[in-house]
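Please keep the sequence and the structure open beside the text.

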Amino acid sequence: MATHSSGEGKCILLCDDEFHILRAAEFKFRRAGFEVLCAADGIEALERIEERVPDAIVTDCQMPRMNGLELIARLREDERTRRVPILMLTAKGFELAADELCDRFHVAGVVAKPFSPRELLRRVEDLVSTALLNEST
Amino acid sequence: MPLSGGVGIPAAPGEPKGNTTSNMGTAPPRIHVSRWWLLTAAIVMSLVLSIGEAIWLRAGGLGVALIVASHLAGAGCFLAVLLAWRGMASRELCERVRLLASEDLSRLSPQEAGGLSAFAGPTQWEEVVVRLREFVVAAAQKLEDAGQAQASSEIRARRARAERDRLAVILAGLPDPLLVINDYEEIVLANLSAASVFGVDVQQFGSDVQVKVDQSLDCPAAVKLLKDVVRRRTLTQRTAEFSWRDGFGHERWYRVICRNLDVAAESPHGMRGAVAIFNDITVQKAIQRRNAEFVSSVSHEMKTPLSGIKAYVELLVDGDAETPEEREECLEVINGQTDRLQRLIDNILNLARIESGVVDVRKDRHSLNEILEEVHGIVLPQAEQKEIDFQLDLSPMYLGVIADRDLLLQAAINLASNAVKYTPVGGKVVLRSRLAAQEVCFEVEDTGVGLSEEDCQRIFDKFYRVKKDQQMASGTGLGLPLAKYIIEDVHGGRLEVRSLINVGSTFSAVLPGAGAMSE
């Protein structure tokens, strides 16, 4: 088994109402050394963020109570989470305009379902390292 | 030949009609006799008056002579006036011209020919007669032609009026709005439908009141298209689709088909401008939108279990699942998600079968409780994810149903799964069975978001999804319609819903019983 430690000391928030998807992604990120916060909808995600601001967020779009777009809008209003890189993980690939999401909500990217946990991990690692680079400069 | 008696020269005033040609050969004696009678009568009357006057005055020979002379002169004047008054000369002329208009010149008597010598020399009268006859015949022909032309014009005018009235009726009955504008972008024709839909004044061709299309038609897309077609003189047909909010605030969609009338302008009664007809495509648009939503929902529903399968397969392939328990968990998820995908495909296929009228139903005697236990097992993981208390409350009796097991299972799964989807985290769902008179019943009761009265009416419509709850869970809008079809149409039962907003809903399925006994 390949053991990763790229996420050592880093925290990621995963938000999806599909338990199995959440579980698979959590499994992958923990193996990579990330600390993983999980939420089943936008409101739960905000509660987790109150506890700790993550280094990156991966969120579904369609969720009960508070959907992904509402969550992102709330995060961008909050000074603490304004610059946190966000990836959107969604089955509504062709219905969401990635460009609009990037421009309006500063979403770093859109990952379409069905997704590869390996690919998702790689994208998050890139985001975190880029964010770190920006902070240091 | 009708010329002489019909449209030929009119008879003189006071003359009897119809026999003007019957006495042509003997007509002059009648005239001469009356003239002589008049002359004789005048002389006799003058003499009688003179004698009477002379006796009364006791006049001498010279006096009598003067009296007679004066009376004779008076009688002559009276006779001249009388003859002039009767128009003897013009009458004779008319008689002769009428004879000229007749075919048979040989019927002209020498006396009549002599009478014409006043107009021509004795040797030229025949040529004059021929010319006069030609002139009269030509004039009569023209008169007849003019009469026929007038009659045919009247017929054409009647036909045109009838055609116009028929077109007006057709246009009025046309359900689609229709507008015609001229080269100056003025509305020259608008039917009743255009008036009722767009509020445009009804116009008929030739109406004095003409308004600019952009002042009367409040549809910028349609106005722009009409103007473009008129200005650019586009020969091909052009179409555009636009939405329009009607008087009740409802959005309606129209496809406007517009064509230039320049081709028609080449005809004698043509005009320049454009004609536009508006097709109401609201229903087609709704179907398109619903189909698009259906495809989107189905695709979303399929991608979700596929995501689980793909992710867990990859975890296994990458060796991330190290322990046997982790590997077991991965395989269980893959299996569960595969079943979920299969159920979705079954739903879609069943719907297709229903719509095509081909449903393969195999009914046998089954225990309702057993079917509901299976449903509980299938939906429980979904409920556990949301920490929903999913209870099974089965009747202690054996409740038999004659049913297609697979179809009834699918209907019950759809109802239970729907309840779990729309019940908030930590809620409660109860799957219950009971005996109701000669029928058996199963219920799915939840503490979910509930349905409005309108939603309760429409919740079994295909593809219908409650708007306010769409973000709460994904769905295709097929589960409940399919359940209703299976319970009511396939099994002869009833599926009903009772609901209160923010309190919860209860779906009750009543099926004909096939015997009940204590278990």
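## Chain A

Read from the N terminus, the elements of chain A follow the order β-α-β-α-β-α-β-α-β-α, which comes to five helices and five strands; helices (H or I, at least four residues) and strands (E, at least two) are DSSP runs, numbered from the N terminus. Of the 137 residues in chain A, 53% are buried, where buried stands for under 20% relative accessible area, exposed for over 50% and partly exposed for what lies in between (1.4 Å probe, protein chains only). Among the contacts in chain A with a separation of 6 or more, 63% involve residues 24 or more positions apart, a contact being heavy atoms within 4.5 Å.

This is a predicted model, in which local features need pLDDT of at least 70 and side-chain atom pairs count only at pLDDT 80 or more, while totals for chains, interfaces and linings use all residues. Residues are numbered from 1 along each chain as its sequence is written, chains are lettered from A and ligands numbered from 1 in the order in which they are written, and side-chain values use heavy atoms, with hydrogens and water left out.

## Helix packing within chain A

Helix α2 (residues 42-51) and helix α3 (residues 68-77) of chain A have axes that come within 9 Å and cross at roughly 30 degrees; axes are lines fitted to C-alpha atoms, for helices over the stretch in contact, and angles run from 0 to 180 degrees between N-to-C directions. α2(A) is therefore roughly parallel to α3(A), given that angles under 35 degrees count as roughly parallel, over 145 as roughly antiparallel, 65 to 115 as roughly perpendicular and the rest as oblique.

The crossing of α2(A) and α3(A) is right-handed; a crossing is right-handed if the near helix is turned clockwise from the far one by less than a right angle, and left-handed if anticlockwise. A:G42, A:A45, A:L46 and A:I49 of α2(A) meet A:L71, A:R74 and A:L75 of α3(A), and by class this contact has five nonpolar residues, one polar and one charged. Ala, Val, Leu, Ile, Met, Phe, Trp, Tyr, Cys and Pro count as nonpolar, Asp, Glu, Lys and Arg as charged, and the others, Gly among them, as polar.

## Helix packing between the chains

Helix α1 (residues 19-31) of chain A packs against helix α10 (residues 282-318) of chain B at an angle of about 25 degrees, and their axes are 9 Å apart. These two helices are therefore roughly parallel to each other, and α1(A) passes α10(B) in a left-handed crossing. On the side of α1(A), the contacting residues include A:H20, A:F27 and A:K28, and on the side of α10(B) they include B:T304, B:Y312 and B:D318. The contact of α1(A) with α10(B) has six nonpolar, four polar and three charged residues.

## Chain B and its buried positions

Chain B holds 15 helices and twelve strands, and buried residues make up 38% of its 519 residues. In helix α12 (residues 368-385) of chain B lies B:L372, which counts as buried at 0% relative accessibility. Beyond its neighbours within four places in sequence, B:L372 is in contact with residues including B:L392, B:L394, B:A412 and B:F442.

B:G477, in the loop between α14 (453-458) and α15 (479-490) of chain B, counts as buried at 15% relative accessibility. B:G477 and B:S297 are 180 residues apart in sequence, yet 8.3 Å apart in space, C-alpha to C-alpha.
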